[in-house]
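This briefing walks through a structure for a reader who wants each geometric term tied to its cut-off. Please keep the sequence and the coordinates open alongside the text.

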Amino acid sequence: MKPLSEFTESDRAAVEVVLTDIDDTLTHEGRLPAVAYGAMERLRDAGVTVVPITGRPAGWCDLIARQWPVDGVVGENGAFYYRYDDQARRMTRRYWKSAQERAADRARLDRLRDVILAQVPGAAVASDQFSREADLAIDFCEDVPPLPPREVDRIIALFEAAGAVAKVSSIHVNGWFGAYDKLAMTRHFFAEVLGRDLDAVKARVVFAGDSPNDAPMFGFFPHAVGVANVAAFKDRMTALPAYVTPGGGGRALPNWRTPCWPPAQADQGADQAAMVCCACAGWAFSRATAGAGAASMATMARTSSDRRTRWASGRRMK
């Protein structure tokens, strides 16, 4: 992983789409700081397409699609995308599986939930499970005392023994039945919403993330960015990002703390004066203050108000 400072100006200038994980990429200790939200808003106002790619549930994604300054959201690790049309006042919900298939999967996941909770003391069903459509989220450190890595591995093994896919985020192990992930549904979003072939335009996209469930995205995008906390998971990654930020996600302040798991990671950010303006932008971070980050964002983002329209129409950017 190269320092984000090595992301060249010419490559930055070509960026048309920013994709970003949410937890511990944009958030700081479970909260979305104003600097991260504001950076997404500035990007979108400048004509850059912004799409969160998250493991968070359908209920959250409905709100994100409606109320955040974004062009859509991929949720539950690729189970669906949502896109809200402000003018038509209409939500598009596109699922990987049919409602009937999701109902059958839910019955299997409910049985698997009972097995996992019985065999992994200290694990809990994630508090956002009530608003999930397609997966089962097991909490290992968000609202429970952090579990050691061997217990997280046990959760993964139980999912996989039942024939489910299991992915680790910075807070949950998510399990589901189906051959999809964040990248698979991102391809559908590009084709069906943006009208673009993702393979053809991937060099004009930045993805930012931090966890093993982001590995498919890290491996695909040449300009993938990991926030500094990605180092805590590097031994569990099947692919690493091209670049890494000097600080941890939306919480990259002088005394930021690392994710709650693995616990052995040192506090690498305590001596940093810099603050990452917005990890979702990846290529626009401040070197000293949030104000400098905003100036950097404004300089790097294109200012044409119709840029996003021209991107979606497939015409070459000027």
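**Salt bridges, helices, cores and a sheet**

At 29% relative accessibility, Glu-133 counts as partly exposed, because partly exposed covers the range between buried, under 20% relative accessible area, and exposed, over 50% (1.4 Å probe, protein chains only). The model is predicted, so local features need pLDDT of at least 70 and side-chain atom pairs count only at pLDDT 80 or more, whereas totals for chains, interfaces and linings use all residues. Residues are numbered from 1 along each chain as its sequence is written, and side-chain values use heavy atoms, with hydrogens and water left out.

**Salt bridges**

- The structure holds 20 salt bridges, a salt bridge being a side-chain nitrogen of Lys or Arg within 4 Å of a carboxyl oxygen of Asp or Glu.
- Glu-133 is the partner of Arg-102 in one of them, with the closest N and O atoms 3.3 Å apart.
- This pair links distant parts of the chain, 31 residues apart, with Arg-102 in helix H4 (residues 99-119) and Glu-133 in the loop between strand E7 (124-125) and strand E8 (136-139); helices (H or I, at least four residues) and strands (E, at least two) are DSSP runs, numbered from the N terminus.
- Arg-102, at 13% relative accessibility, counts as buried.
- Lys-182 and Asp-214 meet through their side chains in a salt bridge of 2.6 Å, N to O.
- Because Lys-182 lies in helix H6 (residues 182-194) and Asp-214 in the loop between strand E11 (205-209) and helix H8 (215-220), this pair ties together parts that are 32 residues apart in sequence.
- Lys-182 counts as buried at 1% relative accessibility, and Asp-214 counts as buried at 0%.
- A network of salt bridges that share partners joins Asp-23, Arg-56, Asp-128, Arg-132, Asp-135 and Glu-142.

- Helix H3 (residues 58-67) has Ala-58, Cys-61, Asp-62, Ile-64 and Ala-65 as its buried residues.
- Seen down the axis of H3, these buried residues fall within an arc of 165°, so they line one face of the helix; the arc is that of the directions from the helix axis to the C-beta atoms.
- Their cover includes strand E3 (49-52), strand E4 (73-75), strand E5 (80-85) and strand E6 (90-95).
- The largest nonpolar core has 31 residues, and those with the most contacts inside it are Trp-68, Phe-80 and Tyr-82; such a core is a set of buried Ala, Val, Leu, Ile, Met, Phe, Trp, Tyr and Cys residues joined through side-chain atoms within 4.5 Å.
- Helix H2 (34-45), H3, E5 and E6 are the elements that give two or more residues to this core, and H3 gives the most, with four residues.
- A second, separate core of 27 residues includes Val-51, Met-185, Phe-189 and Phe-207.

**The four-stranded sheet**

- Four strands form an open sheet in the order E7-E8-E10-E9, with antiparallel pairing, where two strands pair if DSSP finds at least two bridges between them.
- E7 and strand E9 (165-168) are the edge strands, each pairing on one side only.
- E9 pairs with strand E10 (residues 172-176) in the antiparallel sense over four bridges, and Val-165 stands opposite Trp-176 in E10.
- H4 lies across E7, E8 and E10, running at about 15° to E8; axes are lines fitted to C-alpha atoms, for helices over the stretch in contact (heavy atoms within 4.5 Å), and angles run from 0 to 180 degrees between N-to-C directions.
- Helix H5 (residues 149-161) packs on the sheet, touching E8, E9 and E10, and its direction makes about 5° with that of E10.
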